[in-house]
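Dear colleague,

Please find below the structure that I am handing over to you. My findings follow directly after it.

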Amino acid sequence: MQITHSLRKLLMASVFGIYTVNAPAQEHDIMVVANIDNQTVKLDKVEIRNLFMGNASNVGLEPVSLPPQTLARAVFNTKIIGLTESRIQSYWSQMRFSGRSRPPREISTVDQLISYVSSHKDTVAFVPVSADIPAHLTVVYSTAKM
């Protein structure tokens, strides 16, 4: 598995609790988008974490994710979930083994992910804040300073 230089720096920063990455700030922000009818809905960090970690949620959305080797996923894990990828994988192994829950569907690229969410009602996904989002999708959360 090849890890990009920016991803390696972000992973190291998250391990040591520092952010010294020299990439544009936008590269290290994500937004959570959903295909929902009510475009005024906003979710908080805890609700999003619960959705993507398979915990009980009254939101009723299906989470969809990028694969582990993407920068957006590393940012999401660090800023929203608060766990390393290995801890998340361990958690999902336990959930699958016990039959309690399954991890979110993974889609390879940001463009494919946006296309999937666009064509599937009541889905939610995280993407880089720089991604082009169709007008019918709703940004329900963003780590970017507005």
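Among contacts in the protein between residues at least 6 apart in sequence, what percentage join residues at least 24 apart? The figure is 72%. Please note that this is a predicted model.

The protein contains five helices and five strands, which follow one another along the sequence as α-β-α-β-α-α-β-α-β-β. Of its 146 residues, 42% are buried. The accessible surface comes to about 8,300 Å², and carbon and sulfur atoms account for 53% of that area.

Five salt bridges were counted. One of them pairs the side chains of Lys121 and Asp37, at 2.7 Å from N to O. These partners lie 84 residues apart: Lys121 belongs to the loop between helix H5 and strand S4, and Asp37 to the loop between strand S1 and helix H2. Lys121 is partly exposed, at 46% relative accessible area, whereas Asp37 is exposed, at 66%.

A second pair, Glu62 and Arg105, meets at 3.9 Å from N to O.

Arg73 counts as buried because its relative accessible area is 6%, under the 20% cut-off. Through shared partners, salt bridges join Arg73, Glu85 and Glu106 into one network.

Yours sincerely

Definitions and conventions: Residues numbered from 1 in each chain as written. Predicted model: local features only at pLDDT ≥ 70, side-chain atom pairs only at ≥ 80, totals over all residues. Heavy atoms only, no water. Helix = DSSP H or I, 4+ residues; strand = E, 2+ residues; numbered from the N terminus. Buried < 20%, exposed > 50% of the residue type's maximum accessible area, 1.4 Å probe, protein only. Contact = heavy atoms within 4.5 Å. Areas by Shrake-Rupley, 256 points an atom, 1.4 Å probe, with all protein chains shown as cover. Salt bridge = Lys/Arg side-chain N within 4 Å of Asp/Glu carboxyl O.
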